[in-house]
Amino acid sequence: MAEDAFVISASMIPFGKYRSSSYVGLAVSPLIDALQRAGVQKSDVDAVYVGHSYGGMMTGQRITKEIGLGTVPTVNVDNACSSGATAVHEAATAIAQGLIDVAVVIGVEKLTQFGGGTLPLSPEDREVRQGIVMPAVYAMRATRYLYENDATVEDLALVSVKARRHGALNPFAQFRKEVTVEEVLAARPVADPLTLLMCCPTGDGAAVVVLASERARNRLGAGKSARVAASVLHSGQVAEGYRDMTKPEITYQSVRDAYAEAGIEPWDLDMIEFHDAFSIAELVYYEAFGLTEKQSAVSLLRDGRTTFGGDVVVNPSGGLLAKGHPVGASGVAQVAEAFWQVTGQAGARQIPDARWAATHVTGGGTAGLDHGACTVHIFEAA
Amino acid sequence: MSVTPEAPVSVPIADLENDDLLGAFPEGRRLVGTRCADCGQTMIGDRVVCSACVSRDVSRVPLPATGVLYSFTRLHLKGEAVRAVGYVDLDDNVRTLADLREDSIPLRPDVPVELGFDGDDWFFTPATGA
Ligand SMILES: [Zn+2]
């Protein structure tokens with residue numbers, strides 16, 4: 001049946017604010033570096049997949065033409081925060097089906113073009129016209145979660161504290177300064193109960209990974225790699241009425257399918273990079289990832305089971321909260337982190353003997369949907 | 001000999017023509033909903049197709065003026081006054097995003113709420129006796 005696909009190299013720029021760089025300026029360096037580290041020539045590349053949400057027409061081609069990488073198919077992908085991971089999914093799927101041998105995946109976004117504030121959503125959406133913004137969606141999730149569970153705003157703050165502590169170890173992170181629970185709670189309120197330090201920052205970024213078939217990996221003499229053990233993409237399903245915002249069904253479905261495809265159990269994972277756009281998401285996704293059967297989400301967090309030295313390190317990179325969240329780049333950056341961790345290249349934040357890594361992004365504020373898109377990948381050291 | 005019929009023309013839906021969520025009905029001003037005649041699903045807004053059974057046999061209906069607050073937040077956006085918004089599950093199980101106001105009864109999840117008006121603006125507020 002399907003062939004194995006492998007991530008054979010990854011590069012990215014530190015996420016941050018680069019007002020004097022275009023989409024091209026953000027992406028070309030990591031593109032060149034990723035190709036070089038993979039030992040891949042332009043002529044080896046069979047297809048290019050580019051995730052972005054706000055880059056405009058032909059973003060991918062504008063980037064690849066700078067290094068004369070043309071002719072082969074270039075596919076631009078928009079799935080909001082899942083854009084980059086959807087591009088990875090398309091590349092992995094094409095390799096698994098035997099259609100191509102070498103794929104370049106670029107995730108890139110420039111959010112500073114909007115001058116700050118919340119992420120621009122489509123004004124064609126009814127709730128967007130009513131004034132919904134992403135912090136409000138997650139804040140409502142948080143209000144309900146705190147109402148239904150034995151959790152407090154201090155727990156929401158603790159998520160940010162952990163993210164910043166991880167980010168402090170990561171040279172690719174936008175925020176490298178640690179914060180305390182008190183500082184998080186005292187920060188400017190954004191959408192109650194969420195303060196500014198419980199929200200991911202606005203920023204720019206680009207990340208590139210190279211994927212190859214087993215055949216190409218051997219031919220190229222690639223070193224340590226990350227085997228794509230699962231690549232799952234789901235879309236949201238509309239609910240006209242009640243929806244449990246604390247149990248986002250799109251993530252439950254994606255995670256279930258990913259574990260089945262990879263043939264592993266939740267606690268087999270050494271690390272998960274998941275979509276902590278706002279601190280409440282971390283608690284919600286512990287459960288969605290099947291980590292809470294014996295222990296509640298808040299006790300996992302409080303007991304340090306999801307940080308370095310724990311059982312599964314969640315967001316070793318600092319996650320969206322600390323590493324940053326240039327929407328279309330995030331999914332590829334997560335895969336880069338997984339690749340670096342399972343190949344032992346993660347420096348100060350290296351998880352010893354990391355073998356299994358999962359990545360997860362959801363995307364899109366759309367009326368009636370939990371999220372528009374959700375992508376989950378599982379990688380194994382290879 | 002069978003004749004293949006000519007491909008039919010699809011027509012665009014003028015969904016931008018009336019996107020006001022508030023409408024006038026015999027029972028008074030209510031949020032606008034749409035009910036499917038085939039499967040009975042009720043949806044928010046003026047819609048032309050049922051999202052459950054894909055029937056186009058749908059009609060405009062008033063939604064209940066009462067419901068329960070599922071969750072809420074107070075938004076502190078730069079340059080704007082603090083604004084409370086939430087999801088209200090109306091009595092016919094249609095969920096709507098709504099501006100919220102509170103008087104003597106504080107906002108909290110699961111509090112019964114009712115539709116209120118301020119000129120042309122509408123909002124939900126904890127129901128008296130809640
Ligand atoms: Zn129907």
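Predicted model: local features only at pLDDT ≥ 70, side-chain atom pairs only at ≥ 80, totals over all residues.

Visitor: Which residues of chain A does UniProt list for "domain: Thiolase N-terminal"?
Guide: The record is an unreviewed entry, and UniProt annotations may be inferred rather than shown by experiment; feature names are shortened and positions follow the numbering used here. Over that stretch chain A is 37% helix and 19% strand, with the end C-alpha atoms 7 Å apart. Helices (H or I, at least four residues) and strands (E, at least two) are DSSP runs, numbered from the N terminus. The stretch UniProt lists is residues 6–214.

Visitor: And how far apart are the end C-alpha atoms over residues 241–365 of chain A?
Guide: UniProt, again in an unreviewed entry, lists that range as "domain: Thiolase C-terminal". The chain there is 41% helix and 10% strand. Its end C-alpha atoms are apart by 17 Å.

Visitor: On to the two chains: what area is buried between chain A and chain B?
Guide: The contact (heavy atoms within 4.5 Å) takes 27 residues from chain A and 32 residues from chain B. Buried area is the accessible area (1.4 Å probe) that two parts lose on being put together, summed over both. Carbon and sulfur atoms give 53% of it here, and the total is about 2,600 Å².

Visitor: Which residues in chain A lose the most area to chain B?
Guide: Between chain A and chain B, about 2,600 Å² is buried. Three residues together make up 26% of what the chain A side buries. They are A:Q130, A:M140 and A:E240.

Visitor: Which residue does B:D110 meet in a salt bridge?
Guide: A salt bridge here is a side-chain nitrogen of Lys or Arg within 4 Å of a carboxyl oxygen of Asp or Glu. The rule finds two salt bridges across the interface of chain A and chain B. For B:D110 the N to O distance is 2.9 Å, and the partner is A:R144.

Visitor: Which element gives the most to the side of chain A that touches chain B?
Guide: There are 19 residue pairs in polar contact between chain A and chain B, both residues at pLDDT 80 or more. A polar contact is a pair of N or O atoms within 3.5 Å; within protein, one must be able to donate a hydrogen and the other to accept it, and residues adjacent in sequence count only if both atoms are side-chain atoms. On the chain A side, α4 (126–129), α5 (134–148) and β5 (189–191) each supply at least two residues. With six residues, the element that gives the most is α5(A).

Visitor: Now inside chain A: how far apart are the centres of domain 1 and domain 2?
Guide: Domain bounds come from an automatic or database domain assignment. For chain A it gives domain 1 (5–114 + 203–228) and domain 2 (126–199 + 230–381). Taken over C-alpha atoms, the centres are separated by 23 Å.

Visitor: Which residue does A:E380 meet in a salt bridge?
Guide: Domain 1 and domain 2 of chain A bury about 3,000 Å² between them, 70% of it on carbon and sulfur atoms. The rule finds one salt bridge across that interface. At 2.8 Å, N to O, the side chain of A:E380 meets that of A:R227.

Visitor: Last stop, chain B: how many salt bridges cross the interface of its domain 1 and domain 2?
Guide: The assignment gives domain 1 (22–62) and domain 2 (66–126) of chain B, with C-alpha centres 21 Å apart. These domains bury about 730 Å² between them, 69% of it on carbon and sulfur atoms. One residue pair is in polar contact, and the number of salt bridges is zero.

Terms used: Residues numbered from 1 in each chain as written. Chains lettered and ligands numbered in written order. Heavy atoms only, no water.
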